[in-house]
2 protein chains.
Amino acid sequence: MGHGATHQSVADIASAAMLPRSVVRRFVMTLSRLGFAKSDGKCYWLTPRVLKLGLSYLYALPFWRQAQLALEDLRAEVEQSCSMAVLDGTELVYVVRVPSRRILSMNLSIGSRLPAHVISLGRVLLAGLTDIELEQYLKDAELKRFTPHTETSPARLRGAIAQVRANGYAWIDAEFDESICGIAVPVRDSEGHVVAALNVSLMAGEWNEKKAKARFLAPLRRAAAQIRSSMLG
Amino acid sequence: MGHGATHQSVADIASAAMLPRSVVRRFVMTLSRLGFAKSDGKCYWLTPRVLKLGLSYLYALPFWRQAQLALEDLRAEVEQSCSMAVLDGTELVYVVRVPSRRILSMNLSIGSRLPAHVISLGRVLLAGLTDIELEQYLKDAELKRFTPHTETSPARLRGAIAQVRANGYAWIDAEFDESICGIAVPVRDSEGHVVAALNVSLMAGEWNEKKAKARFLAPLRRAAAQIRSSMLG
DNA sequence: CAAGCACTGTCCGCCAGGCGAACATCGATT
DNA sequence: AATCGATGTTCGCCTGGCGGACAGTGCTTG
């Protein structure tokens, strides 16, 4: 492996994790014994074995594999970056990303987390919560401001989410990053619960809500329906 | 979440893991307390939180993000499924996969593992081992037969790997699956060590070594060089 | 209808193994 | 050579996972 941040001494890890060195030492020795880390005597690094740990979540998602194909098709049709995400507390977590080749938009990939209130995917996922869950979210969430357009008022956010529920899609323009806007739709399970969201990410300025809705809403809903049907069968 | 295999009772998990139920119970309660699992009182399921665990390996790979872009470009150029993998013991582990839309080839995705000796990616990774490591591999590996074409003789495998070292690429035809062949090249770090491998997967019968070499070797090497250069800077 | 049985959840004593303060070692600088 | 900072190692403590035993529940059967 390239000797980058992958290789770290016990002391490096300890200071990064703000843990006693002896704790880190004990831990990396256990990781090594289990095959999750290796050492050349001085430095330690993770092995691909650790991938076995977290990916079980994705493999267990019944619609994950189908979603990858559906998003590939969607990207081919609309020629824009497409993503699927789920909600984890106040954050959205990307579970599929199909980047368009035109922009290398931020360093997002599978597992990346962003605050839910500023991303179209997040708005859709929040709109899928029950009223009780939504109130809990509004109590827990920080509603941090990222741009002048960021919605940070709980009352107005509640209104925006009601709008998403009514429309069946979310449009967000430059609330997280000045240069990005997006449109998202929910993916529902057989009982109608929102289990994930799909979106298309766009360059702000090139698109507005009306144009994006006309161009992307139907393809997004087709992809969502395709994913949903893969759960039923 | 959809009520699929994601939702399991303690007893289900226990029988699947062949563990005492009390052990499983203790464990899922801890997972729930830490936020990695949730429960409705009867069934338990993982939360997206667990993605934080294993993906640290990918994020730590210095060339991972660049590799995704490089493979997207490669797929666009050659219009075939492209992958990157690393070696973990006797298995190769996919770390990037860019499926072609023409085939939904097997259920491979990030983190999937296959025996190294029957896949072009694996041959390249084995060729990158030191002689000592290679002998250790040949001692550990099972060299299981998957098709009539599978190479299962350690001696002939050693010869094939020497050939890969000489050629700088690996061609494998129907040794894992009758309908799949592929061509792979190494990705090296600044010191020349093989840290990963790239390949193009093809339909067996449509391609032979000469044609595949003529069509794909140069694009593969360009992608590998692009990834390597991202490690140096 | 009661007894039996299979299945699931819960309790508790045991002990592996992580915790962290204290100690040892190494290398560099003055 | 002496000092000091950084890193590796040791050891007693105690959390928390282990698993056998026990209890509650629902369904079948004589």
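Helices (H or I, at least four residues) and strands (E, at least two) are taken here as DSSP runs, numbered from the N terminus.

## Basis of the model

This is a predicted model, in which local features need pLDDT of at least 70 and side-chain atom pairs count only at pLDDT 80 or more, while totals for chains, interfaces and linings use all residues. Residues are numbered from 1 along each chain as its sequence is written, and chains are lettered from A and ligands numbered from 1 in the order in which they are written.

## Loops with a positive phi in chain A

A:Ala174 is placed in the loop between E7 and E8 of chain A, and although A:Ala174 is not a glycine, its phi is positive, at about 60°. Most residues other than glycine have a negative phi. A residue counts as buried if 20 or more other C-beta atoms, placed from the backbone, lie within 10 Å of its own, as exposed if 12 or fewer do, and as partly exposed in between; A:Ala174 is partly exposed because it has 18 C-beta neighbours inside 10 Å. The strands on either side, E7 (residues 170–173) and E8 (residues 180–188) of chain A, pair in the antiparallel sense over four bridges, where pairing requires that DSSP find at least two bridges between two strands. Together E7(A) and E8(A) form a hairpin with six residues between them, and within this pairing A:Ile172 stands opposite A:Gly182 in E8(A).

A:Leu143, which is likewise not a glycine, has a positive phi of about 50° and lies in the loop between helix H7 (131–140) and helix H8 (154–167) of chain A. With 17 other C-beta atoms within 10 Å, A:Leu143 is partly exposed.

The 15 residues of helix H5 (residues 64–78) of chain A should span 21 Å at 1.5 Å a residue, and the end C-alpha atoms are 21 Å apart, which agrees; the expected span is 1.5 Å times one less than the number of residues. The buried residues of H5(A) are A:Ala67, A:Gln68, A:Ala70, A:Leu71, A:Leu74 and A:Arg75, and they pack against strand E4 (81–88), strand E5 (91–98) and helix H9 (209–232) of chain A. After H5(A) comes A:Glu79, with a positive phi near 55°.

A:Ala60 belongs to helix H4 (residues 56–60) of chain A and counts as partly exposed, with 17 C-beta neighbours inside 10 Å. From A:Ala60 to A:His149 there are 89 residues in sequence and 37 Å in space, C-alpha to C-alpha.

In chain B, three strands form an open sheet in the order E1-E3-E2, with antiparallel pairing. Its edge strands are E1 (8–9) and E2 (37–39) of chain B, each of which pairs on one side only. E2(B) and strand E3 (residues 43–46) of chain B are joined over three bridges in the antiparallel sense, and B:Lys38 has B:Trp45 in E3(B) as its bridge partner.

## How the two chains are related

Chain B can be laid on chain A with an RMSD of 0.1 Å by a turn of 180° and a shift of 0.0 Å along the axis, the superposition being by least squares on the C-alpha atoms of residues with pLDDT of at least 70 in both copies. The two copies are thus related as by a two-fold rotation axis, and in chain B the C-alpha nearest the axis is that of B:Gly54, 2.1 Å from it.

The contact takes 39 residues from chain B and 39 residues from chain A, two residues being in contact if their C-beta atoms, placed from the backbone, lie within 7 Å. On the side of chain B that touches chain A, H5(B) gives the most, with five residues. By class, that side of chain B has 21 nonpolar, 11 polar and seven charged residues, where Ala, Val, Leu, Ile, Met, Phe, Trp, Tyr, Cys and Pro count as nonpolar, Asp, Glu, Lys and Arg as charged, and the others, Gly among them, as polar.

## The surfaces near the DNA strands

DNA strand C is surrounded by 14 residues, the closest being A:Ser22, A:Val23, B:Val10, B:Ala11 and B:Ser22.

Methods. A residue is near a molecule or strand if its C-beta atom, placed from the backbone, lies within 6 Å of it.
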